[in-house]
Amino acid sequence: MNVELLLQELSLVSKKFELINKKTGGYFNIFEITDIWSDEVIVCRVLHEILSPEGTHFQGNKYLKRFIKDVLKMDISEEELESAKVFREYRIDNNRRIDIAISTINHFIPIEVKIYAGEQANQCFDYAKTAKNSKVYYLTRFGDFPSDYSANGLTKQGNGYLEISCISFSEDIINWLESCVSQSETIKIAPIREVLFQFMMTIRKFTNQMEDEKEMEIVDILMKSPENMKSALDIQNCVNQARVKLMKQLFAKIESKVGRVKLENEYDYASDDYKNCNDFYKYKY
């Protein structure tokens, strides 16, 4: 199968799942309708509400227990978890606010959340000083470490830091939410179940993931023959070049409106070092 035929077959798969989503309400997502799907403040509020034993889900600490065990990989006793409280925008010295903090009798667990926002100077360093029997947990789309700008003063360990543990929306949070939804009590409560499903769909959007069934169908097509795999590799090899061309076109259109001088640095950055701006295209396209 040549590249053009492969693209046509994959396009049919996309159209099929688009139709399924239209018929089943898959596109009816309150996070997207209200345009808050990548707003870190809103995402933290939702995470806090799910995690909090006092959350309006009235499921106690069920979701928090799974989070501590499966995402944070911490061993905290059932008895201690009874004392757990979850805070949002927990204020510390220098008027800093930890996005999410979990406090028990013996632990204080700071969690910093980054989706698209930039880092702040010494942010993770300051948060590490508040941790008790815990690391700082750094939650990003793909589990990246913070830079020295944020972690300045912490102990280097390979590409990361001894006092920081990285967790991701793309795997850790998605897997945790799936385990929450699978609980028998949650399945029975439609409002909670549907919000968790919509939240997972939202996370899949800002981590550039597609539906599991759609992904598997595409994989099956690619594995159907050596020709399909070769065509897919040809496409993969050309994607970055196509993205760079699209970016050049974008900046050229902006320049035609406001002039080249203001955009010179950004244009050169986009043209000469595409790798560093790959996230822009993941988000945009």
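Biologist: Leaving aside neighbours within four places in sequence, which residues is Asn61 in contact with?

Modeller: A word on the basis first: this is a predicted model, where local features need pLDDT of at least 70, side-chain atom pairs count only at pLDDT 80 or more, and totals for chains, interfaces and linings use all residues. Residues are numbered from 1 along each chain as its sequence is written, and side-chain values use heavy atoms, with hydrogens and water left out. Contact means heavy atoms within 4.5 Å. With the neighbours within four places in sequence set aside, the contacts of Asn61 are Pro53, Leu81 and Glu82.

Biologist: Does Asn61 count as buried or exposed?

Modeller: Asn61 is found in the loop between α3 and α4 (62-71), where helices (H or I, at least four residues) and strands (E, at least two) are DSSP runs numbered from the N terminus. Buried means under 20% relative accessible area, exposed over 50% and partly exposed in between, with a 1.4 Å probe and protein chains only. The relative accessibility of Asn61 is 12%, so this residue counts as buried.

Biologist: The loop between α3 and α4 also holds Phe58. What is its phi?

Modeller: Most residues other than glycine have a negative phi. Phe58 has a positive one without being a glycine, and this residue is exposed, with a relative accessible area of 72%. Its phi is near 55°.

Biologist: And what phi does Asn95 have?

Modeller: Asn95 is found in the loop between β1 and β2, and at 55% relative accessibility it counts as exposed. Asn95 is not a glycine either, yet its phi is positive, at about 60°.

Biologist: How many of the 5 residues of β4 (residues 136-140) are buried?

Modeller: In a regular strand the side chains alternate between the two faces of the sheet. On one side of β4, Val136, Tyr138 and Thr140 are buried, and on the other Tyr137 and Leu139 are too. The strand is largely enclosed by the rest of the structure, because the number of buried residues is 5 of the 5.

Biologist: What handedness does the β-α-β unit of β3, α6 (residues 123-128) and β4 have?

Modeller: Point the strands away from the viewer: if the path from the first strand over the helix to the second runs clockwise, the crossover is right-handed. For β3, α6 and β4, the unit is right-handed.

Biologist: At what angle do α4 and α8 pack?

Modeller: Axes are lines fitted to C-alpha atoms, for helices over the stretch in contact, and angles run from 0 to 180 degrees between N-to-C directions. Residues making the contact include Tyr63 and Phe67 of α4 and Ile173 and Trp176 of α8. The axes of α4 and α8 are 10 Å apart, and the angle is about 140°.

Biologist: What does that make α4 relative to α8?

Modeller: Angles under 35 degrees count as roughly parallel, over 145 as roughly antiparallel, 65 to 115 as roughly perpendicular and the rest as oblique. With α4 and α8 at about 140°, α4 is therefore oblique.

Biologist: Last one: how far is the C-alpha atom of Met200 from that of Glu178?

Modeller: Met200 is found in α10 (residues 190-206) and is buried, with a relative accessible area of 3%. Its contacts beyond four places in sequence include Ile174, Leu177 and Glu178. Met200 and Glu178 are 22 residues apart along the chain, and their C-alpha atoms are separated by 8.0 Å.
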